[in-house]
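Welcome! Please take a moment to look over the sequence and the 3D view, then read on for a short tour.

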Amino acid sequence: MAPTPFLNADNFIAELKAKNPAEPEYHQAVHEVIMSLAGFLEEHPKYQNAAILERICEPERIIIFRIPWMNDRGEMKVNRGFRIEMNSAIGPYKGGLRFHPTVNLGILKFLAFEQVFKNSLTTLPMGGGKGGSDFDPKGKSDNEVMRFCQSFMTELYRHIGHNTDVPAGDIGVGGREIGFLFGQYKRIVNEFTGVLTGKGLNWGGSLIRPEATGYGNVYFAQEMLKTRNESIKDKRVLVSGSGNVAQYTVEKVIELGGKVITLSDSSGYIYDPAGINKEKLKYVLYLKNIKRGRIREYADKYGVKYEEGMRPWSEKADIALPSATQNEIDEEDARTLINNGCICVSEGANMPSTPDAIQLYLDHEILFGPGKAANAGGVAVSGLEMTQNSMRLNWTREEVDNRLQMIMHSIHKTCIKYGKKDNGYVNYVDGANIGGFVKVADAMLAQGAV
Ligand code: NDP
């Protein structure tokens, strides 16, 4: 028998970088997983013998395409579209679409890679994928967004299907965009199937899907806090972002008796020491989902502080729930959070903390829920939407919310199983990476050279 290949993490990453140049976010996401898995792989040589790591880092398929569309002035515009079909070992590819000017291949590969582990953790049968475009919906009319979505789907439709690949929303893709995309898909293939999730309630959507990522992250934070006999009640909470995830994070924190004191967007953040109550949250939903304005307007309306071009991490709080974008908390931010007494960081966004920031959380043994565990509630309820579509049934709000809570509880349990250290500290990064890996890797082993 050939000797077990030894995992040299440095060589592995060097080769990955050479093969995938200029994709720093992808390198970062893989590096974190390799660091968590190294010891586990040595104890379980069957995975290395079958080159599972090499295979899991190589997307099964990448589709890149042109999206021509016409703006309201009659000018022809062109954007680039992507779909990364990363891994289908445990189910159809599943993951959101992001429309944002920063979108590129490396960012989508990092998101698709994370999605594989996250989907595995949910306990539902979903593979991993991600897609999107460098299109910026900000400042575009509804008609422009519709024409763009129709053109995007005119190419994407041939690569997806309810048993093949089921996209959903992400940054810049909410209910409006999913509607336009679904309408065009249905028109082209002449079939009404659950090919997208995040659909409207009266055309195949699931109750609680819009709320799921934010609610799920708060449920996960609650589970972590419970391990230290703490709860959300009366805690001061920093939230970044003001989009889908941030909005429903705030709603759940209010319900559980916590006080959210910040929100942000890509221009700056607001600080409301009195806390964002239900009435103010209603205004945020109007401001961001209907008026499509800037968070600065919240400060104007309620007479609170607005910091242009800044992130909210310097404000004193007990809990931080980053819910905007990747790498929005760096080492200095993490140090400030910890020095200010923060006991828990739970990631609503994908990879919002840099590796140095994560290292500080771990060194200080604060509660840290990485995105692939903490924000898995969104894709979990997308999975429940797929189930309801297949059954042609709608579950009640309570039914979906109960299932979401059970799934977040189960993810937390998996993290403890694989992440608990000898001194009792739970390293949720290791827990999520190993827990997510095992199911996918075992399926790949069973399926042979795939
Ligand atoms: P939205 O588009 O609804 O909101 C995104 C928010 O983040 C906006 O407030 C936006 O501000 C801000 N933001 C975006 N890019 C940047 C940036 N480069 N710098 C600072 N702020 C930025 O997206 P979601 O709420 O859906 O997604 C937020 C995060 O959660 C993402 O990381 C996403 O991948 C992750 N996530 C989302 C899930 C979902 O179900 N929607 C599921 C799991 C994870 P502005 O409007 O100014 O751009």
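## Salt bridges

A salt bridge here is a side-chain nitrogen of Lys or Arg within 4 Å of a carboxyl oxygen of Asp or Glu. This is a predicted model, in which local features need pLDDT of at least 70 and side-chain atom pairs count only at pLDDT 80 or more, while totals for chains, interfaces and linings use all residues. Residues are numbered from 1 along each chain as its sequence is written, and side-chain values use heavy atoms, with hydrogens and water left out.

Searching the whole structure gives 31 salt bridges. One of them joins the side chains of Lys130 and Asp170, at 3.1 Å from N to O. Lys130 belongs to strand β4 (residues 128-133) and Asp170 to the loop between β5 (165-168) and α7 (175-189), so this pair ties together parts 40 residues apart in sequence. Helices (H or I, at least four residues) and strands (E, at least two) are DSSP runs, numbered from the N terminus. Lys130 counts as buried, at 2% relative accessibility; buried means under 20% relative accessible area, exposed over 50%, and partly exposed in between (1.4 Å probe, protein chains only).

## Links across the sequence

Glu211 and Arg397 also meet through their side chains in a salt bridge, at 3.2 Å from N to O. Because Glu211 lies in helix α8 (residues 209-226) and Arg397 in helix α16 (residues 397-419), the pair ties together parts that are 186 residues apart in sequence. Glu211 is buried, with a relative accessible area of 9%, whereas Arg397 is partly exposed, at 34%.

Another salt bridge pairs Asp333 with Arg311, with 3.2 Å between the closest N and O atoms. Asp333 sits in helix α12 (residues 331-339) and Arg311 in the loop between β9 (305-308) and β10 (319-321), so parts 22 residues apart in sequence are tied together. Here Asp333 is buried at 16% relative accessible area, and Arg311 is partly exposed at 37%. Elsewhere, Glu32, Glu114 and Lys372 are linked in a network of salt bridges.

## Around the ligand

Which residues are closest to the ligand? They are Lys138, Asp170, Thr213, Ser266 and Arg294, out of 25 residues that surround the ligand (a residue is near a molecule if one of its heavy atoms lies within 4 Å of it).

An N or O atom in the side chain of Thr213 is 2.7 Å from a ligand oxygen. A backbone N or O atom of Gly172 lies 2.9 Å from an oxygen atom of the ligand, and for a backbone N or O atom of Gly348 the distance is 3.5 Å.

## Two positive phi angles

Most residues other than glycine have a negative phi. Ala22 has a positive phi near 60°; Ala22 is found in the loop between α1 (9-19) and α2 (24-43) and is exposed, with a relative accessible area of 76%.

Asn190 is not a glycine either, yet has a positive phi of about 55°. Asn190 lies in the loop between α7 and α8 and is exposed, at 70% relative accessible area.

Notes: Polar contact = N/O pair within 3.5 Å; in protein donor to acceptor, adjacent residues only side chain to side chain.
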